[in-house]
Amino acid sequence: MITGSETDNGHVLVVARSRVNLVVVSEIVHRCGLRARSESIEGASGHLKSSRPRLVILDGGVENRDCDILMEDIAALQR
């Protein structure tokens, strides 16, 4: 099990409001040989607090602002 301070090297968190985008981006991640975890914007905050993915891919939507609420949680991972 990964604790809050350890990074899971093969884990990629994919976050988007659109279910279609989650599926498409997750499939691309899988084809690159990595493990994707798809989350809605609302569910991603809890996931970021409980694990440290190696990479976070955000789909910001048309305005590129859908995921702005996650920026603090992502910045906390870097500390």
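User: Before we start, what does "buried" mean here?
Analyst: A residue is called buried when its relative accessible area is under 20%, and exposed when that value is over 50%. Please keep in mind that this is a predicted model.

User: OK, then which residues are buried in α3?
Analyst: In α3 the buried residues are Asp 73, Ile 74 and Leu 77. Looking down the axis of α3, you would find these buried residues within an arc of 100°, so they line one face of the helix.

User: And what's on the other side of α3?
Analyst: There you find Glu 72 and Gln 78, which are exposed.

User: What covers the buried residues of α3?
Analyst: The cover includes α2 and β3.

User: Let me zoom out. How many helices and strands are there in the protein chain?
Analyst: The protein chain has three helices and three strands, and if you read along the sequence they follow the pattern β-α-β-α-β-α.

User: How much of the chain is buried?
Analyst: Of the 79 residues in the protein chain, 32% count as buried.

User: What about contacts between residues at least 6 apart in sequence, what share join residues at least 24 apart?
Analyst: Among those contacts in the protein chain, 67% join residues that are at least 24 apart.

User: Which residues make up the largest nonpolar core?
Analyst: That core has nine residues in all, namely Leu 13, Val 15, Ile 41, Ala 44, Leu 48, Cys 67, Leu 70, Ile 74 and Leu 77. At least two of its residues come from each of β1 (8–15), α2 (41–50) and α3 (71–78), and the largest share, three residues, is supplied by α2.

User: Is there a second core, or what else is grouped like that? Which residues does it include?
Analyst: A second, separate core has five residues, and among them are Val 12, Val 14, Leu 22 and Val 29.

User: Back to Leu 70 for a moment, what does it touch?
Analyst: If residues up to four places away in sequence are not counted, Leu 70 touches Val 15, Ile 41, Ala 44, Ser 45, Leu 48 and Leu 58.

User: Now α1. How far apart are its end C-alpha atoms?
Analyst: The end C-alpha atoms of helix α1 (residues 19–31) are 19 Å apart, which agrees with the 18 Å that its 13 residues should span at 1.5 Å a residue.

User: Which residues of α1 are buried?
Analyst: Leu 22, Ser 26 and Val 29 are buried in α1, and seen down the helix axis the buried residues fall within an arc of 55°, so they line one face of α1. On the other side of this helix, Val 20 and Arg 31 are exposed.

User: What happens at the start of α1, and what follows the helix?
Analyst: At its start, a side-chain oxygen of Ser 18 reaches to within 3.4 Å of the backbone nitrogen of Val 20. After α1 comes Gly 33, which has a positive phi, near 85°.

User: Last topic: Ser 51. Where does it lie, and is it buried or exposed?
Analyst: Ser 51 lies in the loop between α2 and β3 (53–58). Ser 51 has a relative accessible area of 10%, and because buried means under 20%, this serine counts as buried.

User: What is Ser 51 in contact with?
Analyst: Leaving aside neighbours within four places in sequence, Ser 51 is in contact with His 11 and Leu 77. Ser 51 and His 11 are 40 residues apart along the chain, and their C-alpha atoms are separated by 9.6 Å.

How values were computed
Residues numbered from 1 in each chain as written. Predicted model: local features only at pLDDT ≥ 70, side-chain atom pairs only at ≥ 80, totals over all residues. Heavy atoms only, no water. Helix = DSSP H or I, 4+ residues; strand = E, 2+ residues; numbered from the N terminus. Buried < 20%, exposed > 50% of the residue type's maximum accessible area, 1.4 Å probe, protein only. Contact = heavy atoms within 4.5 Å. Expected span 1.5 Å × (residues − 1). Arc of directions from axis to C-beta. Polar contact = N/O pair within 3.5 Å; in protein donor to acceptor, adjacent residues only side chain to side chain. Core = buried A, V, L, I, M, F, W, Y, C linked by side-chain atoms within 4.5 Å.
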